[in-house]
Amino acid sequence: GAEVVRTDRGGDITYHGPGQLVAYPIFDLNDHGTDVHRYLRDLEEVIIGTIADHGLKGEREPGYTGVWVGGEKIAAIGVKVSGWVTMHGFALNVFSDLGFFDRIIPCGITHRGVTSMEKCLGTLIPMDAVRDSAVRHFERIFSLAGRPAGIAHILREEHPTIVNA
């Protein structure tokens, strides 16, 4: 029930589908520090702040990119940078059908599971509330507040897709 799409971004196979907040920001890293690792940590910080707004403690896992809650991955990050311009981004599992992850080895990680905000909290968080939190954290972390072109338009739900790097 999902389309497989090959891409040239970093990371391994992942899933994008309904119930995820998918953000593929396009930044010129000349304006945000020419440091890809810093950019990845900043994306993680957006996610950590977003889920904290809803009562979850997100953590980084040494040696991996993404955000974990209770030892399970709640958000995957896969980016490409060309000429210091970013492409691709992250998917945060808000109320995703986690069964799709049973058919792949998410991000190539075999020893950890995948979770969602709904699973961790035991209740459904409206996507609009998560999106609004993410926008605030993007604005704070990337100093975007007050810029004419806001970032709310880049955050959207995705149709079911398996992304294979």
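Seven salt bridges are the subject of this tour: a search of the whole structure, which is a predicted model, finds 7 salt bridges.

**First stop: E45 and R60.** Select the side chains of E45 and R60, which meet in a salt bridge with an N to O distance of 3.1 Å. E45 belongs to helix α1 (residues 36-52), while R60 sits in the loop between α1 and β4 (67-69); the two are 15 residues apart, and the pair links distant parts of the chain. E45 is partly exposed, at a relative accessible area of 28%, and R60 is likewise partly exposed, at 37%.

**Second stop: D53 and R136.** Move to D53, which forms a salt bridge with R136; their closest N and O atoms are 3.5 Å apart. Because D53 lies in the loop between α1 and β4 and R136 in helix α3 (residues 127-141), this pair ties together parts that are 83 residues apart in sequence. The relative accessible area of D53 is 39%, making this residue partly exposed; R136 is also partly exposed, at 47%.

Finally, select E72 and K119, whose side chains meet in a salt bridge at 3.6 Å, N to O. Here strand β5 (residues 72-82) contributes E72 and helix α2 (residues 117-121) contributes K119, so that distant parts of the chain, 47 residues apart, are linked. E72 has a relative accessible area of 24% and is partly exposed. K119 counts as partly exposed too, with 48% relative accessibility.

Technical notes:
Residues are numbered from 1 along each chain as its sequence is written. This is a predicted model: local features need pLDDT of at least 70, side-chain atom pairs count only at pLDDT 80 or more; totals for chains, interfaces and linings use all residues. Side-chain values use heavy atoms; hydrogens and water are left out. A salt bridge is a side-chain nitrogen of Lys or Arg within 4 Å of a carboxyl oxygen of Asp or Glu. Helices (H or I, at least four residues) and strands (E, at least two) are DSSP runs, numbered from the N terminus. Buried means under 20% relative accessible area, exposed over 50%, partly exposed in between (1.4 Å probe, protein chains only).
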